[in-house]
Amino acid sequence: MPQSHPPALIAMCLVLLTSLSSPPSRAQTTDEKSRPSGPPIQKEDIPQAPALPSWSISEDARTLIANALKTGNYELAENTLTKLVEQYPKSPHILTFLARIFLMDNKPLNCSIAMKKAERVESLKEPDQFTLALCFVGMRKTDWASEEFVKLAQSNPKNALYPYWQGRIAYDNYAFESAVEKFNKALELDPGFTRAYDNLGLCYEGMSNNELALKYYERAVDLNRKQSPASPWPPLNYGTLLLRQGALDQAEPVLRESVALGPRLPQTHHQLGILLGKQKRFTDAADELKKAIELDPTYPEAHFTLAHVYRQLGEPARAEAELSIFQKLKQAPSQK
């Protein structure tokens with residue numbers, strides 16, 4: 001029998017199931033531009049869609065989906081799969097495959113709808129349960145996500161990923177001690193779990209124990225350098241704390257490492273811009289901050305920092321313009 005879920009979720013999904021026949025973007029919420037308190041769901045967190053299974057679909061559809069995924073055209077893949085769902089509404093395999101694509105495309109609500117529709121046909125397998133839990137994380141439905149991770153941890157007690165995610169949820173709810181317990185449990189199961197060390201650093205920083213935070217960040221950075229691909233988050237978190245402590249010479253190479261690993265991540269450019277500003281290298285700082293804003297024009301802190309840098313460069317008009325943007329972004333209603 002399919003596992004039960006909160007009545008509110010079931011009601012919501014039943015109302016929204018018909019949205020699978022509409023363009024996927026219309027069913028998506030606008031929560032995605034909000035920044036969580038910790039690192040967001042990262043690419044390595046998401047179960048990647050497997051190779052196309054041997055469905056009884058036309059060769060044209062199969063080729064279209066394969067090429068769309070190869071080129072990163074998720075919307076085309078989603079639309080093609082949505083049409084297949086209409087033709088084969090009782091195929092859980094097509095629905096779960098579509099759900100994976102939605103999550104890869106940062107559309108957690110669409111993902112949850114597809115997964116719930118698949119679950120009505122047959123019970124979800126472990127990878128699909130995990131995908132559903134990540135959908136709930138992306139939707140900020142942490143109670144629902146917690147229930148899924150508890151079930152997954154109980155059914156798979158040797159998998160470090162599930163206590164790790166329980167720790168992530170606890171951290172985002174400011175339950176730092178509980179989060180520390182879960183991350184340590186993950187490390188018992190997998191002593192080389194880089195992200196668990198990184199998140200322990202976040203927890204201890206949240207508890208104002210910077211000595212322990214630096215210890216765990218440094219360990220995460222060391223392990224991260226041995227991974228391929230490496231993540232920009234461990235050096236970003238480590239460098240940011242060093243920057244806050246005024247250790248600018250130590251922070252700079254670490255923050256540059258985070259920029260090199262995450263050139264499309266606006267936070268890396270923002271923190272490097274702050275550091276360069278503190279070093280009075282204002283022209284270089286402005287360049288980094290403008291990169292952060294180019295990547296995310298709705299990043300209020302980057303506009304605020306750039307306003308300060310423009311003042312130091314003797315450009316008051318530009319400073320006022322950036323400060324005005326900052327104030328508008330901070331006053332804008334939260335998209336929830």
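Where in the chain is the place of Tyr174? In this predicted model, Tyr174 sits in the loop between helix 8 (161-172) and helix 9 (176-189). Helices here are DSSP runs of H or I with at least four residues, strands are runs of E with at least two, and both are numbered from the N terminus. Tyr174 has a positive phi of about 65° although it is not a glycine. With a relative accessible area of 59%, Tyr174 is exposed; the classes are buried for under 20% relative accessible area, exposed for over 50%, and partly exposed in between, with a 1.4 Å probe and protein chains only.

Residues are numbered from 1 along each chain as its sequence is written, and side-chain values use heavy atoms, with hydrogens and water left out.

Turning to the overall fold, the protein chain has 17 helices and zero strands. Of its 336 residues, 50% are buried. Contact means heavy atoms within 4.5 Å, and among contacts between residues at least 6 apart in sequence, 58% join residues at least 24 apart.

Two further loops carry backbone features of interest. Asn106, in the loop between helix 4 and helix 5 (108-119), has a positive phi of about 60° and is likewise not a glycine. Asn106 is partly exposed, at a relative accessible area of 45%. The loop between helix 11 and helix 12 holds Pro229, and the peptide bond from Ser228 to Pro229 is cis, with omega near 0°.

The axes of helix 11 (residues 210-224) and helix 12 come within 8 Å and cross at roughly 145°, where axes are lines fitted to C-alpha atoms over the stretch in contact and angles run from 0 to 180 degrees between N-to-C directions. The crossing is left-handed, a term for a near helix turned anticlockwise from the far one by less than a right angle, with clockwise giving a right-handed crossing. Helix 11 contributes Asn210, Ala213, Leu214, Tyr217, Glu218, Ala220, Val221 and Asn224 to the contact, and helix 12 contributes Pro234, Pro235, Asn237, Tyr238, Leu241 and Leu242. By class, this contact has ten nonpolar, three polar and one charged residues; Ala, Val, Leu, Ile, Met, Phe, Trp, Tyr, Cys and Pro count as nonpolar, Asp, Glu, Lys and Arg as charged, and the others, Gly among them, as polar.

Charged side chains come next. Side chains of opposite charge can pair when their charged atoms come close. The structure holds 13 salt bridges, each being a side-chain nitrogen of Lys or Arg within 4 Å of a carboxyl oxygen of Asp or Glu. In one of them, Arg244 pairs with Glu205, and the closest N and O atoms are 2.4 Å apart. This pair links distant parts of the chain, with Arg244 in helix 12 (residues 233-244) and Glu205 in helix 10 (residues 194-206), 39 residues apart. Arg244 is exposed at 61% relative accessibility, whereas Glu205 is buried at 19%. Another salt bridge joins Lys125 to Glu122, with 3.4 Å between the closest N and O atoms. Here Lys125 is partly exposed, at 48%, and Glu122 is also partly exposed, at 32%. The side chains of Asp222 and Arg225 form a salt bridge too, at 3.6 Å from N to O, and Asp222 is partly exposed at 33%. Finally, Glu78, Asp105 and Lys107 are linked in a network of salt bridges.

Individual positions within helices complete the picture. Thr96 lies in helix 4 (residues 92-104) and is buried, with a relative accessible area of 12%. A polar atom of the Thr96 side chain lies 3.2 Å from the backbone oxygen of His93. Leaving aside residues up to four places away in sequence, Thr96 touches Met115, Ala118, Leu124 and Asp128. Leu132, in helix 6 (residues 126-138), is buried at 0% relative accessibility. Leu132 and Cys111 are 21 residues apart in sequence, and their C-alpha atoms are 7.3 Å apart in space. Glu294, by contrast, is exposed at 66% and belongs to helix 15 (residues 282-295). The C-alpha atoms of Glu294 and Arg264 are separated by 9.7 Å, with the two residues 30 apart along the chain.

Technical notes: Predicted model: local features only at pLDDT ≥ 70, side-chain atom pairs only at ≥ 80, totals over all residues. Polar contact = N/O pair within 3.5 Å; in protein donor to acceptor, adjacent residues only side chain to side chain.
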